[in-house]
Amino acid sequence: MNPYALAGLLRRHGVPTAASRNTALLGLAAELPAPVLATLIGLAPSTADDWSRWARTDWSAYLAARAEEPV
């Protein structure tokens, strides 16, 4: 189903789509590093970074682990 059609259907049934989307994105941003979030759902890297900052996540441990991985 087209995302816009789905949003319209949900709104007709009283489900607030904007608030639900934002809550879902905030939850994902709290659980995933920004680069993973960007790739997973097709966000621009800067947008994913914004969501991560809003979720107040610290991914320094993830970045340190990535730096230690052999290429």
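Predicted model: local features only at pLDDT ≥ 70, side-chain atom pairs only at ≥ 80, totals over all residues.
Biologist: Which residue caps the N-terminal end of helix α1 (residues 3-12)?

Modeller: The cap is formed through a side-chain oxygen, which is placed 2.6 Å from the backbone nitrogen of Tyr4. The residue that supplies this oxygen is Asn2.

Biologist: Just after α1, which residue takes a positive phi?

Modeller: The phi angle there is about 85 degrees. The residue that adopts this value just after α1 is Gly14.

Biologist: Is Asn22 buried, partly exposed or exposed?

Modeller: Asn22 belongs to helix α2, which covers residues 17-31. Its relative accessible area is 35%. Buried requires a value under 20% and exposed a value over 50%. Because 35% lies in between, Asn22 is partly exposed.

Biologist: With which side chain does the side chain of Asn22 make a polar contact?

Modeller: The two side chains are 3.5 Å apart in this polar contact. The partner of Asn22 is Arg21.

Biologist: Are α2 and α4 roughly parallel or roughly perpendicular to each other?

Modeller: The axes of α2 and α4 come within 8 Å and cross at roughly 85 degrees. Angles from 65 to 115 degrees count as roughly perpendicular. The two helices are therefore roughly perpendicular.

Biologist: Which residues in α4 meet α2?

Modeller: On the α2 side, the contact involves Arg21, Asn22, Leu25, Leu26 and Ala29. By class, the residues of the contact of α2 with α4 are five nonpolar, two polar and one charged. From α4, the residues are Trp51, Ser52 and Trp54.

Biologist: Is α3 roughly antiparallel or oblique to α4?

Modeller: Helix α3 (residues 34-41) packs against helix α4 (residues 45-54) at an angle of about 125 degrees, and their axes are 8 Å apart. Roughly antiparallel would require an angle over 145 degrees, while 65 to 115 degrees would be roughly perpendicular. The angle of α3 to α4 therefore makes the arrangement oblique.

Biologist: Is the crossing of α3 and α4 left-handed or right-handed, and which residues in α3 take part in the contact?

Modeller: The crossing of these two helices is right-handed. In α4, the contact involves Pro45, Ala48, Asp49, Trp51 and Ser52. The residues of α3 that meet them are Ala34, Leu37 and Ala38.

Biologist: Is Ser52 buried or exposed?

Modeller: Ser52 lies in helix α4. Leaving aside residues up to four places away in sequence, Ser52 touches Ala29, Leu32, Ala34, Thr57 and Trp59. Its relative accessibility is 4%. Since buried means under 20%, Ser52 counts as buried.

Conventions
Residues numbered from 1 in each chain as written. Heavy atoms only, no water. Helix = DSSP H or I, 4+ residues; strand = E, 2+ residues; numbered from the N terminus. Buried < 20%, exposed > 50% of the residue type's maximum accessible area, 1.4 Å probe, protein only. Polar contact = N/O pair within 3.5 Å; in protein donor to acceptor, adjacent residues only side chain to side chain. Axes fitted to C-alpha atoms, helices over the stretch in contact; angles between N-to-C directions. Parallel < 35°, antiparallel > 145°, perpendicular 65-115°, else oblique. Left-handed = near helix turned anticlockwise from the far one by under 90°. Contact = heavy atoms within 4.5 Å. Nonpolar A, V, L, I, M, F, W, Y, C, P; charged D, E, K, R; others polar.
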